Amino acid sequence: MNHTLYLHELSLPVICALLLTAATTANGQDVRPVGNFENTGVIRSIRAGQITVRHDDGERVTYKIQDKDEDAISLDGDQLIFNIPCEIKVSGTLPATLLERGMIVKTEVNVNRFGRTQGESTHFEVIPAEEDAQLTLVPERQPQGSSFEKCELTCRIIRVVRNRALVEVHDTEIAKQERLEFKIAEDATMDMEVDSLNRVKAGDTVNLMRGIELNIGALVVQEIDITMTAPRQAATLSYHDQLEQRFSDLSDEPREPRERRSDHFVVYTDISERQAAILLAKLETMYELVGRYYGSRPRDVIECYVVRDLSQWGGASIPPAGVDKIMEGAGVTRSLSNGRQTKSIVYSCDDQDVVQHEAVHAFCAMAFGTTGPVWYAEGMAEMGQYWRPGELAVDIDPVVIEYLTSAEPKKLADIVAAGQITGDSWQAYAWRWALCHLLASNPNYQRRFKRLGINMMREENDSFQNAFGPIASEISFEYDQFIENFGNGYRVDLCVWDWETEASSISLSGRSRKEVKAAAGWQATSLEVREGEPYDFVAQGAWKIVEDGEDVTANGTDGEGRLVGVILHEYQLTEPFELGEGGTFVAPVTGQLYLRCEDSWTDLADNDGEITVFIRRTPMERRRQMNLGGSGDQESGDG
C-alpha cells in the first residue's frame with residue numbers, strides 16, 4: 001500500500017511580518033526625516049501601502065501610508081520596512097440608497113405600541129461594527145393606544161428593498177419580534193465616519209494631509225482627513241469589510257475549541273463566532289474560484305485546525321509539526337496519499353490569509369493527488385489566498401510589491417528550477433507568486449499554464465520547459481514588463497502583449513489606422529517604422545482617464561491621458577515618446593510601433609473610451625520644409 005506525505009509550510013504574509021522593525025538604520029543605510037509636508041487635493045488612486053493625490057496645482061504625487069489593519073510600510077523592497085501608523089479620519093454624507101445588509105445605524109422612526117411605523121426616515125448615522133452597539137428602540141414618550149411617537153432607533157439592517165428597510169432591534173416591548181419595518185425617504189442620507197482607508201476611493205477629497213519626507217526620498221503620511229465625495233456604487237468596498245458587516249450579529253469574543261462546518265470545510269477552532277463565519281465564507285469563496293479555475297474539486301471535505309491559543313487545546317490531535325508552525329504564527333498542510341485517495345488536513349494559526357494559503361494546498365492535493373513542484377504549489381497557494389470574487393486586479397501585501405519592483409529580477413529558469421523546498425524564504429514565495437499570477441491571468445498563456453499545472457499535480461510527463469520553451473522569448477518579455485510596471489490595481493488582462501498583429505512598412509502614399517483604447521497597455525499597430533524616418537500622425541476622439549471623469553483628448557491633461565508611443569525591436573522597447581493630438585515623430589529604431597494612453601499602469605481599469613490614430617510617412621515636400629531627413633523612397637508596403 002503506497003503512502004506519500006506532503007508538507008506545505010508558511011505563507012508569504014507571515015514571513016513578511018517577521019521583518020517588521022522600528023530601527024532607523026537598515027542594511028547600512030541611515031533613514032531619517034529631512035522635512036515635513038502639509039497638502040490637500042483629490043485622491044487619484046489608492047492601493048495597499050500607498051495613496052496618490054492630485055494636488056490643487058495639478059501635480060500628482062504618490063505617498064506611503066500605513067492603514068489601520070496594516071503592520072508596516074515598505075520603503076525600499078525588503079530592505080527598509082517600518083511601522084509608521086497613520087492617524088486616519090474618513091467621513092462623508094452618502095445617499096441612504098447605499099445602506100447595506102449588516103450595517104448598524106441610528107435613525108429616528110415614528111412607531112406605535114404595536115410596532116407599526118408611520119412616515120419616512122430621512123437620515124441615518126452608521127456605527128462601526130467594532131463599537132458593538134446595543135440594538136435599542138427608545139421612544140420620546142411611551143406610545144398609547146394607536147398613537148405614533150418619535151423613537152430613536154439603533155438597529156441592524158436586515159435588508160433594504162426599494163424604499164423600505166427591515167431591521168433588527170433588541171430589548172423592546174414595542175417590536176416584540178425584534179424586527180421593525182419602515183419607509184426611507186427618497187432623498188434620505190447617511191453619515192459615516194471611519195478610521196481606516198477601506199472605504200476610500202478615487203475622487204474623494206483630501207482636506208488635510210500631513211507627514212514627513214525621508215532622506216531616501218519617500219513621503220510618509222502620518223495624518224490624513226478625507227471626505228467621501230466621489231460617486232459610489234457601494235459604501236463598503238473591501239471584501240473583508242463586507243463579511244465583517246454581514247456577520248456583525250455574531251459575537252467577536254474568542255471561544256473554546258469547537259467544530260464549525262460549511263459545505264466543503266470542517267474547521268476546528270477557538271476563534272470567535274464572527275471570525276469563524278468570516279473565515280468559512282472566505283474559504284468557500286476560495287474553493288469556488290479555485291474549483292472553477294481547475295474544473296475539478298476534492299471528493300471529501302477539507303479539515304482545518306485554526307488555533308488562536310494553543311493552551312486551550314489540551315490533548316487535541318495536533319501533530320508536533322502543526323504545533324511548531326502554529327507557534328511560529330504560520331501553518332502547515334499534511335497530505336496522506338493512500339492509493340488513488342489523498343486526505344489533507346490544515347494546521348494553522350488564526351491568520352486568515354495563512355489558512356487560505358494552506359487550504360489551497362489541501363484542495364490541490366485532494367483533487368489531483370499532489371500539489372506539483374514547489375514553485376507551482378507555493379505560487380498558486382499565494383494566488384489562491386489573494387483571489388476575490390469578481391476581482392482581476394493585483395491586490396497583495398505592499399511589502400511584496402516593493403520587493404519585487406526594486407530587487408534584481410529573478411530569471412524564469414531560477415524560479416522554476418527543481419530541488420526547491422517549501423518554506424525557504426518569503427522572497428522566493430514572492431517570485432513564484434509573480435510568475436503564476438502572470439501566466440494564470442494572461443490570455444496568451446493561461447490555457448497552457450492551467451493544463452501544465454494539472455499535469456504536474458497528476459505527476460504526468462510535463463514541465464515548464466515542455467509547455468513554454470518554444471515561446472520563451474515572449475514569456476520572458478512579458479514577465480519583465482510585468483515586474484517592471486505592476487502594483488496593486490494592475491490588470492494583467494488589460495496589459496497583455498499583442499504578438500498576433502503583423503507589422504509592415506508603408507509607402508509615401510499609404511496610411512495606417514489604429515483604434516487605441518484608454519483601458520489597455522501597449523497596443524500593436526500594423527506599422528513597421530524605419531530608423532530615422534519621419535512620420536505624421538493625427539489622433540481623433542477622446543477618452544476618460546478617471547471613472548465618471550471628463551473627456552480628455554490625446555493631448556491629455558496634467559500629465560495624464562496623452563497618447564504615447566514605443567517601438568519594439570528584437571524583444572526590446574525604446575523609451576516611450578509623447579505624441580498627442582497631432583504632429584510628427586522620427587523613429588529612433590526600426591521596429592513595430594505600439595501606442596497607449598499615458599496613465600499609471602495600476603490605474604488603467606477605470607479608464608474608458610478610445611481614440612483613432614492615423615499615421616503616414618511624412619511627404620517629401622514637408623520634410624524639406626521642416627528640415628527632416630529620411631530615405632524618401634517609395635518602395636514596399638501594403639499601405
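Q: Before we look inside, which residues count as nonpolar, which as charged and which as polar?
A: Ala, Val, Leu, Ile, Met, Phe, Trp, Tyr, Cys and Pro count as nonpolar, Asp, Glu, Lys and Arg as charged, and the others, Gly among them, as polar. Keep in mind that this is a predicted model.

Q: Thanks! How many cavities of 30 Å³ or more turn up in the whole structure?
A: The search finds one.

Q: And what volume does the largest cavity have?
A: About 100 Å³. The largest cavity is lined by 14 residues, and those closest to its centre are Glu478, Gln481, Phe482, Tyr490 and Cys495.

Q: How do the lining residues divide into nonpolar, polar and charged?
A: Ten are nonpolar, three are polar and one is charged.

Q: Which helix gives the largest share of that lining?
A: Helix H12, residues 472-485, with five residues.

Q: Changing topic: what is the strand order in the open sheet of four strands?
A: The order is E24-E33-E26-E31, and the pairing is antiparallel. From one strand to the next, the twist averages 25°.

Q: Which strands stand at the edges, and why is one side of each left without a neighbour?
A: Those are E24 (512-517) and E31 (582-586). Each has a single partner strand, so there is no neighbour in the sheet on one side of it.

Q: How many bridges join E24 to E33?
A: Six, with E24 and E33 (residues 608-617) running antiparallel.

Q: Nice, and which residue in E33 is the bridge partner of Glu515?
A: Thr612 is the partner there.

How values were computed:
Residues numbered from 1 in each chain as written. Predicted model: local features only at pLDDT ≥ 70, side-chain atom pairs only at ≥ 80, totals over all residues. Heavy atoms only, no water. 1 Å grid on protein atoms, 1.4 Å probe; cavity = no way out; pocket = protein on both sides within 12 Å on 5 of 7 lines; lining within 4 Å. Points joined across faces, edges and corners; volume = space filled by probe spheres on them. Helix = DSSP H or I, 4+ residues; strand = E, 2+ residues; numbered from the N terminus. Pairing = 2+ DSSP bridges. Axes fitted to C-alpha atoms, helices over the stretch in contact; angles between N-to-C directions.
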